[in-house]
Amino acid sequence: MSLVETLVAIFLFSLGIIAVTVLFTRSWKANSYILEEATATTAATKALDVTVKDLRKVRQADNGSFPIKSVGNFDLVVYLDDEGDGTTEQVHYFLDNQGNFKKGVSRPSGTPAAYPSNDQTITTLAQHIVNTSSQPVFYYYDKNFPLNTSNNPIPNPQPGDVKLISVHLWVNIKPNTAPDNINLESFANLRNLNVND
């Protein structure tokens with residue numbers, strides 16, 4: 001072999017090694033992203049299931065308050081037996097500014113029962129939630145849904161109007177660089193709720 005042939009062979013071999021390295025690196029990053037996204041989506045699916053199952057159990061508070069305390073696009077406070085012990089807790093679902101979907105639970109104390117807002121146990125149900133102001137977490141429907149779709153979801157919901165709640169979680173672990181967000185949604189029919197006529 002001449003020197004030129006040797007140099008060409010080394011050059012071609014180096015190009016092959018670089019191509020294989022680039023391919024391996026990109027495959028590794030893609031697989032890593034897919035695994036992380038799948039993990040985040042699984043956690044969000046579980047959070048959605050827990051929230052919907054909880055909302056189906058709303059009931060009157062131990063102090064006689066209506067089962068729904070407050071409603072908002074990214075914030076919902078209800079009363080339910082969260083611990084299965086016969087006591088009704090105040091449960092607060094909300095999306096924080098860091099993209100964490102959380103649940104806060106306040107146990108009643110005193111007679112009559114009081115639910116101190118500064119004494120709640122908060123747990124993170126899901127991370128990487130990227131809902132925007134035009135994509136609320138909570139949508140509220142009245143007793144006329146699905147027959148009346150023109151006023152549902154309720155434009156300005158009040159706790160006494162709500163019969164059905166839709167929960168939407170948009171998931172993306174890298175919203176600035178990744179593909180489209182993943183939308184997870186489910187409905188909770190508030191079974192124990194007496195809606196105002």
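The largest nonpolar core of this predicted model has 33 residues. Within this core, Leu 55, Val 78, Tyr 93, Phe 101, Phe 138 and Ile 165 have the most contacts. In soluble globular proteins, nonpolar side chains tend to be buried together.

**Where the core residues come from**
- Two or more residues of the core are given by each of these elements: α1 (3-55), β2 (75-80), β3 (89-95), β4 (101-106), β5 (121-126), β6 (138-141), β7 (164-171) and β8 (182-189).
- The largest share comes from α1, which gives 6 residues to the core.

**Secondary structure and overall form**
- The chain has 1 helix and 8 strands.
- Starting at the N terminus, the order of the elements is α-β-β-β-β-β-β-β-β.
- The chain is more spread out than a compact globule, because its radius of gyration is 25 Å, well over the 16 Å that the globule rule gives for 197 residues.
- Along its principal axes, the C-alpha trace spans about 95 × 40 × 25 Å.

**Burial and contacts**
- Of the 197 residues in the chain, 38% count as buried.
- Taking contacts between residues at least 6 apart in sequence, 53% join residues at least 24 apart.

**Surface and charge**
- The accessible surface of the chain is about 11600 Å², and 55% of this surface belongs to carbon and sulfur atoms.
- There are 15 positive and 19 negative side chains in the chain.
- The centres of these two sets of charges lie 2 Å apart.

Key. Residues numbered from 1 in each chain as written. Predicted model: local features only at pLDDT ≥ 70, side-chain atom pairs only at ≥ 80, totals over all residues. Heavy atoms only, no water. Helix = DSSP H or I, 4+ residues; strand = E, 2+ residues; numbered from the N terminus. Rg over C-alpha atoms; globule rule 2.2 N^0.38 Å. Buried < 20%, exposed > 50% of the residue type's maximum accessible area, 1.4 Å probe, protein only. Contact = heavy atoms within 4.5 Å. Areas by Shrake-Rupley, 256 points an atom, 1.4 Å probe, with all protein chains shown as cover. Lys, Arg positive; Asp, Glu negative; His and termini not counted. Charge placed at Lys NZ, Arg CZ, Asp CG, Glu CD. Core = buried A, V, L, I, M, F, W, Y, C linked by side-chain atoms within 4.5 Å.
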